[in-house]
Amino acid sequence: MLKTSIKTIVTLEIGPFKALETHTHCRHCQRVYRSDELRALTPQGGTFGFDVIEMIGRALFVHCCNETTIQAELAKRNIIVSRSEIRFLGKRFIVYLLLAHHECQAPLKQAMQSKGGYILHLDGTCEGGSPHVFSCLDEISKIVLGNRKMPTEDSQYIVPLLQELKAAYGNPIALVHDMGGAIAKAVAAVFAGVPDYVCHFHFLRDLGKDLLEVEYSALYRMIRSYNIRAQLGQAAKQLKVIIGDDPTLSDNLQAYLKDQQRGCASEVLDARVKAYLLVAWVLESDSACNGFGFPFDQPHLEFYHRLQETYPALKQLKTQGVPGLPLMTLSRALRDDALTKRGVRLQERIAIFEALRQAMRIARPEHNQGLNDEGDEDIKTIKARVETFRWSAQVEALAKSDIGYRNMVKQIDKYWDKLFADPIALETPTGNITVQPQRTNNLMEQSFRFLKRDGRKKSGQHSLSKTLTAMLADTPLVRNLSNSDYMAILLQGKKDLASRFAEIDIQQVRNTEKENEKIERKYPKRMSRLFRIPHLPQKLMKIAA
């Protein structure tokens, strides 16, 4: 025996306790032996057990609990831990998960090869001035394969990540991504010759913005110049007070709403109630949108159309004694020839855009799937429809006379070969299969939406700039924890993540944490103290060079 030591250990099963460890020493090889049982409970030099690390990690990143909630939950188990310690252990959970992920790359590759290979989806996200979180995911297995944080979405940062993926998993059978130039450049450099496709949703969205944005922005500016929304808002508030103060009017409004819910027709409706409903209907024009965002949704144009439709009714209600309606402002706006012509031109462009949207069968409002719409129908049918649209006499004539339509045609021609992926025949150990690459990058978009939703749920704030800045690059790996096939490979026969983490060398963990700290830290450690020192230049220059 060399010596004994006592340390405090905290586990979920036992809580805090004192562990007496005996260190033994081999006189021949000079090797020191320590307790394997203790190493299975907690990292060397650590206080909190692997089960505590797993519990905190899952609570933070799977169940979206904040530090205060986790602190209270652990306190019920007689485990006292600070919020800063919870943040540290949460980051350590991600580091352990990353190292376990790296250790199972070979069996992951074998599993993907048994399904014919992998289709790599690539995308990045950021918010405000935060760094870009860039992720890569396999479409077939739905496994996040790799991540990187980068100051900007630039090929110089994307290429090393793709090279790591290529070294670990080989070439993908196809690639799917948005139309960003940096991704395209990186893909061409690392995966030359691999079939490469652009997301139909991103393609259609970017094309629509180019086609509609000038006219749409001009329409918005012209509507805003009349201050209509603010005046209608004041009218709505005034009418709401009038209705709320009069029980008869309140009952009239509620009876109408109940009739609408039951699908019945109301016989009597007060003029003030009608005016309130119409004004609110105009103000809530965003409700007509389908959640796709511009250019698929055009809320400002919908607002203008509702103004046009509502004005005659409001004018009639004004004669019935309804107060506070800004009819003069509405009249001036609706008689503005420039605004009218702008709306007509925009509607003409939208009609062309909608024709292409229907041809591509993507992001259609009737599907009610919002941003999760992945499109449908056979790719050959869609290709034939788009080809018919592209070479139609109407589009050809418009392209000759208008630069906006001409640019639209150029965009279609430029990306034609990257839009329509033929089914890919693959050989697997169980036989030949055919895989059709998804024509959207929704897998990545959904992953980032979950990441942001979880961040907002934890912080209670809409802005995620600070969250994404503080987040470790490999946090998106937690999405794999809900994938049973992935977990079977990751755990390597262990019953849970805590047991799996116990097999990972603590020195690897600490080295990774140090590397992360170098990347995340703006200045070297202790340098921030200098910034509070007055007259620093004089003091520095007195020091000998």
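Two strands are said to pair if DSSP finds at least two bridges between them. The views below are taken from a predicted model.

**View 1. Strands S7 and S8 run parallel.** Strand S7 covers residues 174-177, and three bridges join this strand to S8. Within the pair, Val176 is placed opposite Tyr197 of S8. Strands of a sheet pair through backbone hydrogen bonds, in either a parallel or an antiparallel manner.

**View 2. Five strands make up an open sheet of mixed pairing.** The strands follow the order S6-S5-S4-S7-S8. From one strand to the next, the twist averages 20°. The edges are held by strand S6 (143-150) and strand S8 (196-198); each has a single partner strand, so one side of each is left without a neighbour in the sheet.

**View 3. A hairpin links strands S1 and S2.** Strand S1 spans residues 3-11 and strand S2 spans residues 15-25. The two strands run antiparallel and are joined by nine bridges. Ile6 stands across from Leu20 in S2.

**View 4. Helices H2 and H3 cross at roughly 145°.** Two packed helices are described by the angle between their axes and by the distance between those axes. For helix H2 (residues 50-61) and helix H3 (residues 67-75), the axes come within 10 Å. The crossing of H2 and H3 is right-handed. On the H2 side, the residues in contact are Met55, Ile56, Ala59 and Leu60, and they meet Ile70, Glu73 and Leu74 of H3. Sorted by class, this contact of H2 with H3 comprises six nonpolar residues, no polar residues and one charged residue.

**View 5. Cys64 lies in the loop between H2 and H3.** The phi angle of Cys64 is near 60°. This is a positive value in a residue other than glycine.

**View 6. A cis peptide bond leads from Phe294 to Pro295.** The omega angle of this bond is near 10°. Pro295 belongs to the loop between helix H11 (271-283) and helix H12 (299-318).

**View 7. One cavity of 30 Å³ or more is found in a search of the whole structure.** The volume of the largest cavity is about 40 Å³. Its lining is formed by Tyr197, His200, Leu419, Ala421, Pro437, Gln438 and Arg439. By class, four of the residues lining the largest cavity are nonpolar, two are polar and one is charged. Tyr197 of this lining is also the residue of S8 that stands opposite Val176.

**View 8. The second largest pocket has a volume of about 440 Å³.** The lining of the second largest pocket consists of 24 residues. Leu98, His102, Asn147, Arg148 and Asp474 are the lining residues that lie nearest the centre of this pocket. The elements giving two or more residues to the lining are helix H4 (83-103), S6, helix H6 (155-169) and helix H22 (506-520). The residues of the lining divide by class into eleven nonpolar, seven polar and six charged. Strand S6, one of the elements that contribute to this lining, also stands at an edge of the five-stranded sheet.

Note on methods:
Residues are numbered from 1 along each chain as its sequence is written. This is a predicted model: local features need pLDDT of at least 70, side-chain atom pairs count only at pLDDT 80 or more; totals for chains, interfaces and linings use all residues. Side-chain values use heavy atoms; hydrogens and water are left out. Axes are lines fitted to C-alpha atoms, for helices over the stretch in contact, and angles run from 0 to 180 degrees between N-to-C directions. Helices (H or I, at least four residues) and strands (E, at least two) are DSSP runs, numbered from the N terminus. A crossing is left-handed if the near helix is turned anticlockwise from the far one by less than a right angle, and right-handed if clockwise. Contact means heavy atoms within 4.5 Å. Ala, Val, Leu, Ile, Met, Phe, Trp, Tyr, Cys and Pro count as nonpolar, Asp, Glu, Lys and Arg as charged, and the others, Gly among them, as polar. On a 1 Å grid over the protein atoms alone, a cavity is a set of points where a 1.4 Å probe fits but cannot get out, and a pocket is an open set with protein on both sides within 12 Å along at least five of seven lines; lining residues have an atom within 4 Å of a point. Grid points are joined across faces, edges and corners, and a volume is the space filled by probe spheres set on the points.
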